[in-house]
Amino acid sequence: MPTSQSERPESPESPESPESSEALGPVGRAGGEVYDLAVVGAGPAGLAAAVTAAELGLRCALVDAGPRPGGQYYRHPAPGLGAARPERLHHGWAAFARLSGRLKAHTGARRLDYLTDHHIWTMERGEIWQLHATLGSEWTGAAGRAVVRARSVLLATGAYERQLPFPGWTLPGVVTAGGAQAMLKSGLVLPGRRIVVAGSGPLLLAAASSLVSAGAEVPAVVEATDYLHYARSLATLAANPAKLVEGARHGVTLLRHGVRLRRGSAVVEAHGTDRVTAVTVARLDRDWRPVPGTARRIACDALAVGHGLVPQIELATELGARIRRTPDGTVALAVDDGLRTSLPGLWAAGETCGVGGADLAVAEGESAARVIAGRPVPAALRAFRQRRRAFAELMAAAHRPGPGWPQWLRADTEVCRCEEVPAARIREAVTELGAADARTVKLLTRAGMGWCQGRMCGPAVACLSGGGPARADSRPLARPVPLAQLADLEPS
Amino acid sequence: MLTRSPHDVVVVGAGVVGAACAYYATLAGLSAAVVDRGPVAGGTTGAGEGNLLVSDKEPGPELDLALLSTRLWRELAESGDGFGEAIEYEPKGGLVVASGQPGADALRAFAAAQRAAGVAAEEIAGDRLRELEPHLAPGLAGGFHYPQDAQVQPALAAARLLRAARLAGAEVRLGETVTAVRTGRDGSVLGLTTDRGRIDAPAVVNAAGTWGGALAELAGVALPVLPRRGFVLVTEPLPRIVRHKVYAADYVADVASGSAGLQTSAVVEGTPAGPVLIGASRERVGFDRTLSVEVLRRLAGQAAALFPVLAGVTVQRAYRGFRPYLPDHLPAIGADPRRPGLYHACGHEGAGIGLAPATGLLISRQLVGKQPELDLTPFRADRFAAAPDGGPGQGSGSGQGRGTASGPDSGSGRGPEAGSGVGQGERRD
Amino acid sequence: MRRTPAELVGAQPAAAYTIEFDGRELPALPGRSIAAVLWAQDILAWRTTRVGGRPRGAFCGIGVCFDCLATVNGRPNQRTCLLPARPGDVVTTQEGHGRADLAV
């Protein structure tokens, strides 16, 4: 495979120096280069945008928090693990191999600067945008920061997984479905041997398929929705390769391993003291209320759970970019046909515009780069985007959490994992203290004030506070930043 | 249109000041309603640090108010039912430090005047500062310890006061927007019109904070309340590394300044929940909510200079708020002689949490026709119209007919977005 | 006989080295994050919470949730799901905020 070799120049191959200057590329500090375009995020959308922009003659910086390209979708093992067949853990690996080949060619020819390990924490608007980054994944002092300057910015920061709490979800061994995938794809490890997969959304099938392929036993895939019209059964999935090749492939894999798909059900409790040893699965009614008398216990040593994806857009919303509400109840950036946000100079592509999968993200990244370069977007690309976007909205509507899920909470169920805020405190804030939205609940209970800044509990808190339509979360700092790096900023 | 049962008084604003007004009004036996277009603590209250300070106030009407309020907060905290714990009341004291001798001398003179007005202040020699605050930078010239300074968690304080008022009979109406102040033929207040109906009451208390100018305008009077933006940095959760509220001597000058330009001075304090809060910045930029990287830089640098240990911690988040200030930095408290039945309780700038109980108590005294504990003349809302005092950005009356963010500030010409008139609907974090 | 993730992708890793976790020596394959090294040893928790003292480990696996924090080489609050394991790293279970040494 070409990729493991192609990544050597920018990967932390040597364990002693993962953040060497070579690995970071030419770091733009004050007085550094002003790029035509800074692309934030090296997943499918960002990669496609960056290589397209470079091919169209733009000076481009591809800025990413990770050490290797691919984002979450194309996450793959570090070179040191010597994976000969990384494609076994991926759908559409060939597309990624082509993109990363183009990336390698452009970085090699200095047409594109690929800046790894850059965690952007805020952007400043202007004729010239300034993107402030903290460098690396470990603690760095004052020097561990950078500023990337560019005339235009494309936000391709992807998404993270939506979680709905349930009793026992903080037990070790309970992990997100995407997290199980990520740890498997990058580290070739599993959280257990017998892993229940639960929640809602197409990612569950992908995760379950990866897990069984990698040797785990998956006693059940528990999907909350009962109206998966695109996946009425695994057999239907397997028989419908035309539009749903990816889902079909997962369906085949799961059938072969005898994995049972339980639709219209949810894990309503995880059991164990210091790690999960079993889960309780119950049928749900249309509104996702557990149906009494349907609970059954499934022994397991891990649970992978998630309820779809949440676009990661605070870098743009903090600047006032317009949002739209998606059919699954999340908030995405509003973009026009040319993928422009409401802020001049800022474009968005991929999951930031609403979750739609890797091939849509690639199409949007390429389209945005063409628009930024002042080139026309081919009609076929436009049409493909529209088709995929429409399909994504359909799927999103199907997986919107039902209003009855809070019924599986108990008073002492921790809703905010960071600040350990139980459901009862949130309900007290609403019923006794005058909170009616997530922000006020946060002020009164600390739910959402911890390290993750409400990314894990936010959707649940918003629902429990009855705060009406989804709003963009307020996160003036998109990432925690060492105080010394703030003090070291250039005076303005 | 719905007509609801008449109240003795309706309070506009469910921040800490409105909550205190409702609380003391019900305590005085009045039937009160509180209306707010948002949730409890949705404006400046939810964006503050919860300071109950006497240390930063020079002798005068505001200090008198602060001393009364400090006593009231303590009484509330000790009133039972775990109220003090519920609002995270901490009588931890303040520590003001000076880096050089001139600063220390100025502090001494300032403290001497405060002592004469009833403030407890103890001088701490430079070499003793680290006995009080072990993580303070070495080499500071000296400081003063103010044992009366305290802190509460402001949103909880507002919510708990409002709850107490509700349990005592007040009606709380959140998510309801005031659209008009109704007046009778003689000009006196009859009540409010809202987007949900009508609230009849012979008295309306304007506790709308930064939006107090807009409410005054609905009542047909001018009150030049303007926003003064501030940011707070919040660190990762830490053990207690800062015992007092600690700030640099220049903070006092910043608070009193009328400048539109950016001012920052480190104000550092711990919280029961763990994170350390780092303020304080002041700038007049209208209701611009954009994160200011320059403010972060200055606050971080100043905080680390005061507490070098902070250079080794992570800033987890930041938040911003808009202090409601009036040109002479005094709040508007009490009956408005221009509009019978209209009472103001706004414009407390950065001191609203601390001054809330005194404000509520004094207004309740006026409402029942008793003599307030303090002379409210310095806080009269018509003081600007009658005698502009010529401070920077002063321009009395120009707020009339404009949004709250317009008016006097635009005259100073400093903040690029001053006067952009975006006050309405911009209060949420 | 079930296969392993390494077998699935035909992994031929470079030689393992060791890191220390709470006094135990653990083998680490180059390129794995600290969290992956711990999972490979069936260790799922390496932090206790501030309030309840409950065990936690990796949850989101992508650096978003901060549940996988540990003290690494004396520095608390490191996201082990992102941090590559390096030879000789000393990882300790982090108690609460991990900053007890700063308390006054």
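I start with a term: buried means under 20% relative accessible area, exposed means over 50%, and partly exposed lies in between (1.4 Å probe, protein chains only).

**Ground rules.** I am reading a predicted model, where local features need pLDDT of at least 70, side-chain atom pairs count only at pLDDT 80 or more, and totals for chains, interfaces and linings use all residues. Residues are numbered from 1 along each chain as its sequence is written, chains are lettered from A and ligands numbered from 1 in the order in which they are written, and side-chain values use heavy atoms, with hydrogens and water left out.

**Entry 1: one leucine.** I looked up B:Leu330. Where does B:Leu330 lie? I found B:Leu330 in the loop between strand 17 (314–325) and strand 18 (332–335) of chain B. Helices (H or I, at least four residues) and strands (E, at least two) are DSSP runs, numbered from the N terminus. Is B:Leu330 buried or exposed? B:Leu330 counts as buried because its relative accessible area is 15%, and the cut-off is under 20%.

Next I listed its partners. Contact means heavy atoms within 4.5 Å. Leaving out residues up to four places away in sequence, B:Leu330 touches B:Pro61, B:Glu62, B:Gly347, B:Pro378, B:Phe379 and B:Arg383. I also checked B:Arg380, 50 residues apart from B:Leu330 along the chain. Their C-alpha atoms are separated by 9.6 Å.

**Entry 2: chain B as a whole.** I noted twelve helices and 19 strands in chain B. Of its 429 residues, 65% are buried. I then took the contacts in chain B with a separation of 6 or more. Residues 24 or more positions apart account for 73% of them. The accessible surface of chain B is about 13,800 Å², with 51% belonging to carbon and sulfur atoms. Accessible areas come from the Shrake-Rupley method with a 1.4 Å probe; for residues, only the protein chains shown count as cover.

**Entry 3: chain A as a whole.** I noted 15 helices and 22 strands here. Chain A has 492 residues, and 63% of them are buried. Chain A exposes about 16,600 Å², and carbon and sulfur atoms supply 53% of that.

**Entry 4: where B meets A.** I found 42 residues of chain B in contact with 39 residues of chain A. The area buried between them is about 3,500 Å². Buried area is the accessible area (1.4 Å probe) that two parts lose on being put together, summed over both.

How many salt bridges are there between chain B and chain A? The count is four. A salt bridge is a side-chain nitrogen of Lys or Arg within 4 Å of a carboxyl oxygen of Asp or Glu. I looked at one such pair, B:Arg163 and A:Glu432, whose side chains meet at 2.6 Å, N to O. On the chain B side, the elements that give two or more residues are helix 6 (154–167), strand 13 (226–237), strand 16 (275–282), helix 9 (293–306) and strand 17. Helix 9 of chain B gives the most, with seven residues.

**Entry 5: where C meets A.** I counted 51 residues from chain C and 59 residues from chain A in this contact. Chain C and chain A bury about 4,800 Å² between them, 59% of it on carbon and sulfur atoms. The rule finds five salt bridges across this interface. I looked up C:Asp42 and A:Arg275, whose side chains meet in a salt bridge at 3.2 Å, N to O.
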